[in-house]
Amino acid sequence: MTERFLNIVNGAPVASGSGHWFDSANPYDGKVWSQIPHCDTADVNAAVASAHAAYNTGPWATMTATQRGKLLRRLGDLIARDAEKLAQLEVRDNGKLYAEMLGQVKYLPEYYHYFGGLADKIEGSVLPTDKPEMFSYTKHEPLGVVVCITPWNSPLLLLTWKLAALLAAGNTAVIKPSEITSAATLAFLALFKEAGFPDGVVNSVTGFGHEIGAALVEHPQVAKVAFTGGDATGRAVYQGAAKGLKHVSLELGGKSPNIIFDDANLDDAVKGAISGIFAASGQTCIAGSRLLVQRSVYDEVSERVTAFAATAQLGDPMQASTQVGPITTRPQRQKVLDYIEIAKNEGARCLLGGKTPEAADLAEGWFVEPTIFADVSNDMRIAREEVFGPVLSIIPFEDEADAIRIANDTIYGLAAGVWTTSMRRAIRMADALKAGTVWVNTYRAVSVMAPFGGMKQSGIGRENGQEAIREFLQTKCVWLNLADGVPNPFVMR
Ligand code: TXE
């Protein structure tokens, strides 16, 4: 039986104005399990109007930052209470492992607690002056209505990276989750009323990017768009927002290098290579999809990574024994399989996988075997374009300078990993790599306290950490004349 989920607009659960729905399917068995409101531009207008009214005239507008912080912390507690339910919904939508989704959802309260605590610590400055008769100070004010557009790979986490900070800063929101994974987001938004948020502070519209994306991004009452998704869509969002000179932050994925030097602890490095690419079936923006290995250990590392990956247990993502789940959508699986063919045609040597699994219990799901290519050169498409699947390219390098050259030879710059036992080399590499995050002897670490975002075409802006809140604030400078009277305007001083 299919479940129906509703949007939240002005505090009330609503279907689409047209009464239309679209289906959402479970990637593990391919079966439709839920229905989501199929919104159009009239629904967009209603959601933005609600957020705009809440920003300008609702109780939110006059609430103190301390009160906002308390609401955020209360929301965090409600998420902790409902973590299992929310994580199960995410798995049914995106097919990622329940263990990973539950871990993510259980971590979400930290964001609402952290940014709730930060809400009343946003301080302006009293400015030094070269005009003694003037007193001037700055304050940091919210932007207004922020549209959050989120992808399917980690719906609640990537929404929270935006939402916790923007609400702490005093903005209101309209959320458009991915059409592939809307259910968990809608269930989550129902908690805001219970937490005590005023109506209209958080609203949602569900539907397809090509139908409602432009209407959301270009709406005149929207001040900022915070987006995570593919780079082609990110460019369209950036162009649409430019028409209204809106604030934009973009997180667009990458082609991250994970670099193993011959002085590394290879046991650790092999595990880091595996978790870098096969966690979440490679469907993460930070996937370490280019494994750069020093020539002197290239064969050994390739063999060990392949042997380890071959043990991966594919299966039902709800089962604790499963290590690699399905790809989230049928078209995305096809995209991954197409890239595998491209790699073979380009001359890469397939060490593992390269097709859909043959096991009968996996036949209905959208699986791709963990796949490893050796002898990849950095100019092959498999090394240049984001596959977003369980496909690893192993690229040899000669020395440190060669590793840096290859690692930085990409349009992307989201993350990079370095495996070495030399501290000097670790710091030299961290300096040289053009990436927003560099991990040394680890991979995939993220935290509410650590800024995250891309260099180059991986994006604009930072999420998480104290600086994230500045993405949702603007500075106002106030001047007060302390002199008696105002001088004659026609007399230059
Ligand atoms: O993402 P889209 P898709 C990469 C990954 C993947 C590719 C395509 O390589 O294969 O992108 O994935 C909304 N205006 N990443 O097609 O289209 C859309 O409805 C406004 C990397 O699923 O970017 C959804 O809510 N919005 C990535 C959101 O944009 C539009 C995560 C993301 O969808 C729109 C996901 C438009 N014109 C995919 N068109 C990462 N950085 O982690 C679509 N959308």
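Start by selecting E141 and K476, whose side chains form a salt bridge with N and O 3.0 Å apart. Here, a salt bridge means a side-chain nitrogen of Lys or Arg within 4 Å of a carboxyl oxygen of Asp or Glu. This is a predicted model, where local features need pLDDT of at least 70 and side-chain atom pairs count only at pLDDT 80 or more, while totals for chains, interfaces and linings use all residues. Residues are numbered from 1 along each chain as its sequence is written, and side-chain values use heavy atoms, with hydrogens and water left out.

E141 sits in strand β6 (residues 134-142) and K476 in strand β20 (residues 473-481), so you are looking at distant parts of the chain, 335 residues apart. Helices (H or I, at least four residues) and strands (E, at least two) are DSSP runs, numbered from the N terminus.

Next, select R425 and D263, a salt bridge with its closest N and O atoms 3.4 Å apart. R425 belongs to helix α16 (residues 423-432), whereas D263 is in the loop between β12 (257-260) and α11 (266-278).

For a last stop, pick R384 and D409, a salt bridge at 3.1 Å from N to O. In total, the structure holds 26 salt bridges.
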